[in-house]
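Open your viewer, get the chains coloured separately, and follow along one selection at a time.

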Number of protein chains: 2
Amino acid sequence: VLHAVIPAGGSGTRLWPLSRAGHPKFLHPLTGNASSLLQATVERLGPLSGPENTYVVTGAAHAVAVARQLPEVPDDNILVEPSPRDSCPAIGLAAAVIAAKEPQALMGSFAADHLVRDGDAFIAAVRAAAEGARRGQLMTIGITPTHPETGYGYLRAGEVDADGISRVEEFAEKPAYAVAVSYVESGRYFWNASIFLWRVDVFLGELARQQPELHAGLIRIADSWHGPDRDQVFNEVWPTLPRISVDYAVMEGAAAAGLVSTVPGDFGWNDVGDFHTLGEVLPSDANGNVVLAAEDANPAEVLLLDTERIVVVPQSGRLVATVGVHDLIVVDTPDALMICSRDQAQKVKKVVDDLKTRGRSTHL
Amino acid sequence: VLHAVIPAGGSGTRLWPLSRAGHPKFLHPLTGNASSLLQATVERLGPLSGPENTYVVTGAAHAVAVARQLPEVPDDNILVEPSPRDSCPAIGLAAAVIAAKEPQALMGSFAADHLVRDGDAFIAAVRAAAEGARRGQLMTIGITPTHPETGYGYLRAGEVDADGISRVEEFAEKPAYAVAVSYVESGRYFWNASIFLWRVDVFLGELARQQPELHAGLIRIADSWHGPDRDQVFNEVWPTLPRISVDYAVMEGAAAAGLVSTVPGDFGWNDVGDFHTLGEVLPSDANGNVVLAAEDANPAEVLLLDTERIVVVPQSGRLVATVGVHDLIVVDTPDALMICSRDQAQKVKKVVDDLKTRGRSTHL
């Protein structure tokens with residue numbers, strides 16, 4: 001059985017005004033149907049992990065929304081961080097809590113806010129990675145790159161064994177464009193989508209070796225998890241833990257020690273980084289227009305005249321009409337409207353920066 | 001003294017979703033400040049006509065809004081048509097009501113929904129036209145054309161006399177483009193902005209000659225205007241009057257009889273036909289962006305990043321942010337959002353047509 005851990009954090013400023021600090025992107029239905037990204041992540045893992053083996057690690061600010069979106073996940077499986085501490089404490093806590101029940105449990109970690117087009121191919125890749133994890137490797141799924149993306153980190157993979165598993169020789173930083181081109185041409189580099197599978201004993205062993213204090217703190221919390229002191233210990237120990245990502249804290253060092261392997265994944269993965277890429281993966285009409293399902297039961301009407309390749313996110317319930325426009329992003333929320341050229345989608349976070357600078361917290 | 005008559009009708013479908021059937025464009029502040037087009041029209045005429053000499057002819061649906069926007073205009077000067085009957089009955093009724101009090105009164109008719117940039121030049125042109133009207137001509141102000149517009153009718157003017165007045169030889173229909181070019185090059189053609197000045201006795205004489213039944217009906221209504229039977233006579237006679245424009249019913253025939261003259265007007269006139277032309281006449285920022293003042297006391301915030309030459313009408317109170325866009329129209333109202341390319345501004349009425357076709361009357 002696979003214990004699926006879903007770290008659910010981050011606000012997604014490039015998805016403003018849909019994504020807000022108080023309502024980050026994983027809570028939104030950016031999936032082409034009514035499911036939120038978080039719900040779609042849980043559904044996608046259904047064939048491998050039932051609700052009782054699904055864990056979500058999230059911040060206090062989002063605990064209520066997560067609980068309501070995932071009524072089938074047991075209370076104890078929603079781990080609510082008292083304060084944000086980056087991915088290693090979050091994932092490590094889940095590993096320690098799972099290990100306390102089942103010391104050699106198989107665990108996977110999957111971001112709450114990514115999209116996958118081909119669910120069957122995804123499951124097949126996770127199954128292949130699980131095989132490597134059972135043998136004692138820290139596994140990752142390396143996404144087969146479709147273009148020389150400079151916004152992602154890469155994995156360099158070694159020779160492929162009989163089971164389709166390769167050793168990860170290196171975690172490479174976000175590359176310059178020319179470097180990214182050479183990575184893609186080489187056929188040996190994959191996008192690091194931060195999808196990990198391991199046996200919790202193997203992961204916690206590496207954590208103990210590389211980050212002994214973090215490991216000790218997490219074990220203290222996990223030991224008290226099912227007892228009366230949980231809250232006291234959690235609130236006492238958690239703030240003392242370092243803010244560090246799992247890639248940096250564990251995976252890079254483990255790769256250097258020959259403990260990390262990968263299987264390739266080619267399942268239409270998308271990190272939903274901005275509205276433009278979201279438009280690239282969701283189904284469009286004959287003119288290339290993508291309209292995202294509204295969140296409420298009474299979806300807005302959208303009227304597109306002489307309009308091509310726009311991404312519309314109608315979330316205010318109002319009528320949205322466009323005439324003679326193309327390659328735009330239109331995000332319509334109850335208190336803010338954002339219109340952006342598709343090729344400038346990365347700059348949406350500048351609006352958020354601008355609002356912060358001006359102290360306009362209402363819309364953040 | 002000039003009696004200023006302001007026919008206030010028409011919905012302005014090319015200004016949707018701001019302009020609606022129930023709230024047409026003359027009621028909206030499309031002037032660059034808080035005044036509505038109607039209020040700006042009254043203010044503009046202030047040097048010539050005080051409130052007691054200002055008359056508005058409007059439909060029953062807009063009577064309340066007109067009354068509230070113009071509290072200084074006396075009750076009796078707001079003529080409320082029981083049903084729409086085009087411009088000749090509307091203007092003719094005002095002429096007959098004014099004539100009942102002052103048979104040789106000087107009257108002008110000015111559309112409620114036009115913009116004028118240079119108020120002083122406007123007043124000077126009206127004064128010049130008034131001079132011709134006193135002498136017994138039906139006067140119009142011919143707008144000096146700035147480009148070969150195919151959307152307007154034209155006037156052909158004859159020789160200019162010592163007072164700057166020319167006989168109108170012909171009312172020309174909306175021309176094809178090549179014809180419009182020849183009109184502008186000739187220097188003898190002016191835009192017909194439907195601005196008229198006359199003595200009411202002269203106008204009513206021509207009305208009696210050309211449209212005797214319409215004239216008789218209007219005189220019947222005017223005769224009862226200040227008596228106890230006003231409503232009864234008005235409601236009985238009005239529906240029997242023909243739907244006809246003043247240009248067609250009176251001016252064309254009067255021109256053929258040598259009774260129509262014109263003075264040129266060059267005062268930054270604009271008929272506010274669509275959002276693009278509105279953007280052309282209102283003040284813009286350094287990047288060519290025009291933001292229209294909001295209607296309410298709590299104006300929306302507008303944040304334009306890397307944005308050029310857009311027209312924004314923020315009327316919902318929401319934050320509007322744009323990133324990396326240009327040459328767009330963005331109209332944000334509480335129940336509908338419209339985004340249009342500036343060069344397609346004429347097509348906005350297609351949205352209205354589409355909504356009508358689909359029976360979506362909510363947003364009309």
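Before the first stop, one term: two strands pair if DSSP finds at least two bridges between them. Helices (H or I, at least four residues) and strands (E, at least two) are themselves DSSP runs, numbered from the N terminus.

This is a predicted model, where local features need pLDDT of at least 70, side-chain atom pairs count only at pLDDT 80 or more, and totals for chains, interfaces and linings use all residues. Residues are numbered from 1 along each chain as its sequence is written, chains are lettered from A and ligands numbered from 1 in the order in which they are written, and side-chain values use heavy atoms, with hydrogens and water left out.

**Stop 1**

Select β12 (290-291) and strand β14 (residues 311-314) of chain A. These two run parallel and are joined by two bridges, with A:Val291 opposite A:Val312. Now widen the view: six strands make an open sheet with mixed pairing, in the order β12(A)-β14(A)-β16(A)-β17(A)-β15(B)-β13(B).

Next, pick out β17 (residues 336-341) of chain A beside β15(B). This pair is parallel too, over five bridges; look for A:Cys340, whose bridge partner is B:Val323. Strands of a sheet pair through backbone hydrogen bonds, either parallel or antiparallel.

**Stop 1: where the chains meet**

For one of them, zoom in on B:Arg358 and A:Glu301, at 2.9 Å, N to O.

**Stop 2: inside chain A**

Go to strand β1 (residues 2-8) of chain A. Six of its seven residues are buried, meaning under 20% relative accessible area, with exposed over 50% and partly exposed in between (1.4 Å probe, protein chains only). β1(A) runs parallel to strand β4 (residues 106-109) over four bridges, where A:Leu2 partners A:Leu106. Strand β2 (residues 54-59) is also parallel to β1(A), with five bridges, and A:Ile6 stands opposite A:Val56 there.

Then select helix α9 (residues 246-256) of chain A. Its buried residues include A:Val246, A:Val250 and A:Met251; among the elements covering them are α3 (87-101) and β8 (166-172). After α9(A) comes A:Gly258, with a positive phi near 75 degrees.

**Last stop: one serine in chain B**

Find B:Ser49 in the loop between α1 (37-45) and β2 (54-59) of chain B. Is B:Ser49 buried or exposed? Its relative accessibility is 3%, so it counts as buried. A polar atom of the B:Ser49 side chain lies 2.6 Å from the backbone oxygen of B:Leu2.

Conventions:
Salt bridge = Lys/Arg side-chain N within 4 Å of Asp/Glu carboxyl O. Contact = heavy atoms within 4.5 Å. Polar contact = N/O pair within 3.5 Å; in protein donor to acceptor, adjacent residues only side chain to side chain.
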